[in-house]
Amino acid sequence: MTIPAVEGTVSSHPNVYGAGARLRAARNFDHGGYYIKPYVDLTAHYARMPGYTESGDSVAGLQVDSSDQFVAGVTPALEVGARMALENGMTLRPYAYAGVSLYTNTDWETKARLKDAPPAAGTFTTVLPGDTVVGRVGAGLHLMKAGGIEVRVQYDGEFASKGNNHAASLRLNVPF
């Protein structure tokens with residue numbers, strides 16, 4: 001933030017706490033070597049940021065009010081995949097999915113004021129806009145052996161007007 005004739009640096013370490021839940025309804029249509037699985041996810045997310053005050057050597061530091069947000073969503077999607085028996089007794093399951101997430105109330109609003117300003121100066125609101133529609137795609141390979149080790153590698157992509165997200169994961173399950 002630039003204020004004429006005011007210089008300095010401020011810092012803060014705000015915390016954000018959250019909780020989420022997901023409920024999935026799915027139906028698997030097995031066609032021998034391949035399957036089709038339509039599903040819908042219902043999601044709920046709650047996040048809270050306690051208020052905080054910036055510290056430093058500037059009179060332009062902020063006192064930020066606490067804020068919270070609840071977002072609900074629905075994601076219809078379709079997964080297609082196959083199961084292939086390998087010679088060593090393992091099964092390989094390649095799969096891919098596509099869907100779209102629809103969310104409510106995704107804009108995060110925070111009120112703040114200059115910490116050294118008189119109360120009559122009032123507050124201002126900052127809005128971090130979020131996307132209400134997010135396209136989702138993914139693909140992966142799942143290698144498994146009955147009663148044995150499982151390895152899964154997966155790519156997940158999210159595509160929206162305000163930003164994209166790409167993630168890759170590798171998971172190893174070892175029974176003991």
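**View 1. Val71 is a buried residue of the chain.** With a relative accessible area of 11%, Val71 counts as buried, a word used for residues under 20% relative accessible area, whereas exposed means over 50% and partly exposed lies in between (1.4 Å probe, protein chains only). Val71 belongs to strand E8, which covers residues 67–82; strands (E, at least two residues) and helices (H or I, at least four) are DSSP runs numbered from the N terminus. Leaving aside residues up to four places away in sequence, Val71 touches Thr43, Ala44, His45, Tyr103, Thr104, Asn105 and Thr106, where contact means heavy atoms within 4.5 Å. The C-alpha atoms of Val71 and Asp107 are separated by 9.4 Å, although the two residues are 36 apart along the chain.

This is a predicted model, in which local features need pLDDT of at least 70 and side-chain atom pairs count only at pLDDT 80 or more, while totals for chains, interfaces and linings use all residues. Residues are numbered from 1 along each chain as its sequence is written, and side-chain values use heavy atoms, with hydrogens and water left out.

**View 2. Asn105 sits in the loop between E10 and E11.** The loop that holds Asn105 lies between E10 and strand E11, the latter covering 108–114. Asn105 has a phi near 45°, which is a positive value in a residue other than glycine. Asn105 is also one of the residues that Val71 touches.

View 3. Strands of a sheet pair through backbone hydrogen bonds, either parallel or antiparallel, and two strands are taken to pair here if DSSP finds at least two bridges between them. Strand E10 (residues 90–103) and strand E13 (residues 133–145) are antiparallel and share 13 bridges, with Tyr95 standing opposite Gly140 in E13. E13 is also antiparallel to strand E14 (residues 150–160), and this pairing has ten bridges; here Gly135 has Phe159 in E14 as its bridge partner. Four residues separate E13 and E14 in their hairpin, and Gly147 in the turn has a positive phi of about 70°.

**View 4. E14 and E15 form a hairpin.** Two residues lie between E14 and E15 in this hairpin. The strands run antiparallel, and eleven bridges join E14 to strand E15, which covers residues 163–173. Within this pairing, Arg152 stands opposite Arg171 in E15.

**View 5. Four strands make an open sheet.** The order of the strands in this sheet is E5-E7-E11-E12, and their pairing is antiparallel. Strand E5 (52–53) and strand E12 (124–128) are the edge strands, each of them pairing on one side only. E5 is joined to strand E7 (residues 62–64) by two bridges, the two strands running antiparallel, and Thr53 stands opposite Gln63 in E7.

**View 6. The whole chain gives the setting for the close-ups.** The chain has 15 strands and zero helices, and its C-alpha trace spans about 75 × 30 × 30 Å along its principal axes. Buried residues make up 24% of the 176 residues. Of the contacts between residues at least 6 apart in sequence, 59% join residues at least 24 apart.
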